[in-house]
Amino acid sequence: MVEALDLFLKIGLDKRTAENTIANNKVTSNLIAVIKEANVTDGCERFIGNLLYTVATKFPSNALVHRPKLLEYIVSSKIKTPAQVEAAFAFLTVTSSDGLDISKFEEACGVGVEVSPEDIERTVDEMFEEKKSAILEQRYRTNVGDLFAHVRKKQPWADPKIVKKLIDSKLYELLGEKTEADNEKPVKKKKEKVVKEKVEEEKTTIEEEINPYLIFPAPEENYKVHTEVYFSDRPVLRACNTKEILEKHLKETGGQVLTRFPPEPNGYLHIGHAKAMFVDFGLAKERGGGCYLRYDDTNPEAEKKEYTDHIEEIVSWMGWKPFKITYTSDYFQELYDLAVELIRRGHAYVDHQTGDEIKEYREKKMNSPWRDRPISESLKLFNDMKNGLIEEGKATLRMKQDMQSDNFNMYDLIAYRIKFTPHPHAGDKWCIYPSYDYAHCIVDSLENITHSLCTLEFETRRASYYWLLDALSLYQPYVWEYSRLNITNTVMSKRKLNRLVTENYVDGWDDPRLMTLAGLRRRGVTSTAINAFVRGIGITRSDGSMIRLERLEYHVREELNKTASRAMVVLHPLKVVITNLEPNSVIDLDAKKWPDAPNDDASSYYKVPFSNVVYIEQSDFRMKDSKDYYGLAPGKTVLLRYAFPIKCTEVVLFDDQKTVVEIHAEYDPFKKTKPKGVLHWVAEPSPGVDPLKVEVRLFDKLFLSENPGELDNWLDDLNPGSKEIIPCAYAVPPLKFAEVDDKFQFERLGYFVADKDSTPEKLIFNRTVMLRDNYGKTGK
């Protein structure tokens, strides 16, 4: 690994990026291969090294034969910007292995196109003139990304650094220094920009941040070869649509983009599905098209109406609107008819092997004994299967693919199974059900899907996908895979999630410790924060290495800091008696709902009572003071937030002479003292009456390890401290009006949300995230 680190530093990667790279075996292997292929093992300029890193992490795997040519152009500086590299990816991914047209390649990548600073400046000036009135109105709230996109459209090969510098300069020239009104934006908004530019400058290009969907081709381009399927006994299949098929498709769709989000209704959706929605719905929305919500309901034994209802609700909550809601079961008749046609064409057969026999034969790459049975015989048997004349497990319909292929997913996959189980959506009409491998690609074709997008684990199924559509002479969508979203300290396998729920390791599918979208929602995470998180990760074909949970929490804090009103809650109360305040005296004080609340806006404040009995956190008191301690101690003065300084004058101990029972203190009504620390607190609203009692639930990471899914005994890795219930915390009076899903920042404690278990008698709050931001500080 030391040699790899030295090699990565030689090509100009900064030390942090290099160290992060060698922590990922797959990226390390890819990058070393790219460096050797580019013949720069002795080093190169930094901008070349950064482009090589992009090639190593994002190059389309179906176009590896063309990678040396791209590297040749990068090393020679004929291709020298991230925009050109991304254009190369888009061009090469739809180019056959023996069909690289150099002139078209160079044209697509802007090779030889020089955009002078003067050209860029002229384009920026024109854009500012066109948008001047809007910029003057919005001032520094103007979306700079939109301005950049406008210039990018006019000058696609312009240096993005020069573009950004000119836009910033023109904004200052037009608007001058920021005013106080401009600066009312939350400080952390600025920090978001700094973090993105500093942490992700080598991972995400500016144009990708503006529009991550630029990598996908238009529907009318789907005549180009973009996948090759190799066979052991016949010519290569170059997947593409004929002119006639594509014209028929475009006529039926009007040329619009159509995608699909196809969850199986056998459980609740998790945050990985949020990325899938962002890709599927987002591409359709960006191109002015539509996205189907299609339930992949081919397994009646695992599916429930509860799950379909949940999926529809959560898609809406995530901010997406389906073009149509369909079910694979809507197409059962068409799928059956096409299976009959597949048999007639000699591409499918009825098999009588057991599941274990099929597995054994596939492992040995052996043909089934029934593979070459007469077509007429398979047609009759398949009809018998449909009519319920054959027992479960006694027959399947298998596709006749290529048992000698190097791709396991071409070993005569099963197309239909017998199951005497009523279907939740289709009823009891069918006793044979299609497999995913058979139904998925056909329904994509029947629905005229233009872009069939899925995660990288399905990449090896691409060959089967196109084999089947070609065998049936059907329209072929454009298939593209992206990296799966994996987050540290959790599991997202539906099988593992189902076990956690059904075996009561957690409290249901919406347990706030789970990365299910229902769990995140209950924890107080917003859909907009999730979408911002997913957008920041990008739509890439990198291996999908683990994303730290802190990165999601960063986006959650960014939003809640702007939207969650402040309140004070004491989790572990310690009684403080103010000895110089009359016992019957209650002072109503103003506390801010928002940090920068204007003094003349009454709606930005809430009232809190201050009486002679207040409560602070037990952890905010010590018997011995120290220089680095900002809490209360004997003889020390601290400020009660929004109230007065108090000085500890006496400590009442329990009989053990160790446990603190209560503190006596004097307050400074004139605020002449300047205390070192500021504490949150809650007071008795009236003499002898306890403050508002609430239950608070604190959640931590569900698993101790970053990647528990890789452990053999993954359940042993559950964090015993992942949930702590505090049954009797004290809260300020206004919190009694909180409703379910209302979000707050409990000062100094974190962000919280009112839980659905709340009752009029007792409110319950879940902690969403703590206030500390590790990701924003480290970028890791």
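Trainee: Is Asp-620 buried or exposed?
Mentor: Keep in mind that this is a predicted model. Asp-620 is buried, with a relative accessible area of 8%.

Trainee: Which residue forms a salt bridge with Asp-620?
Mentor: That is Arg-748, and the closest N and O atoms are 2.7 Å apart. Arg-748 is partly exposed, at 42% relative accessible area.

Trainee: Where do Arg-748 and Asp-620 lie?
Mentor: Arg-748 is in the loop between strands S25 and S26, and Asp-620 is in the loop between strands S17 and S18, so the pair ties together parts that are 128 residues apart in sequence.

Trainee: How many salt bridges does a search of the whole structure find?
Mentor: It finds 50. One of them joins Glu-481 and Arg-462, at 2.5 Å from N to O. Glu-481 lies in strand S11 and Arg-462 in helix H21, so this pair links parts 19 residues apart in sequence.

Trainee: And are those two buried or exposed?
Mentor: Glu-481 is buried, at 0% relative accessibility. Arg-462 is buried too, with a relative accessible area of 6%.

Trainee: New topic. How many disulfides are there?
Mentor: The search of the whole structure finds 0. For Cys-44, the nearest cysteine sulfur belongs to Cys-109 and is 19 Å away. For Cys-240, the nearest is that of Cys-441, 16 Å away.

Trainee: Why is Cys-240 in no disulfide, then?
Mentor: A disulfide needs the two sulfur atoms within 2.5 Å, and the nearest cysteine sulfur to that of Cys-240 is 16 Å away.

Note on methods: Residues numbered from 1 in each chain as written. Predicted model: local features only at pLDDT ≥ 70, side-chain atom pairs only at ≥ 80, totals over all residues. Heavy atoms only, no water. Salt bridge = Lys/Arg side-chain N within 4 Å of Asp/Glu carboxyl O. Helix = DSSP H or I, 4+ residues; strand = E, 2+ residues; numbered from the N terminus. Buried < 20%, exposed > 50% of the residue type's maximum accessible area, 1.4 Å probe, protein only.
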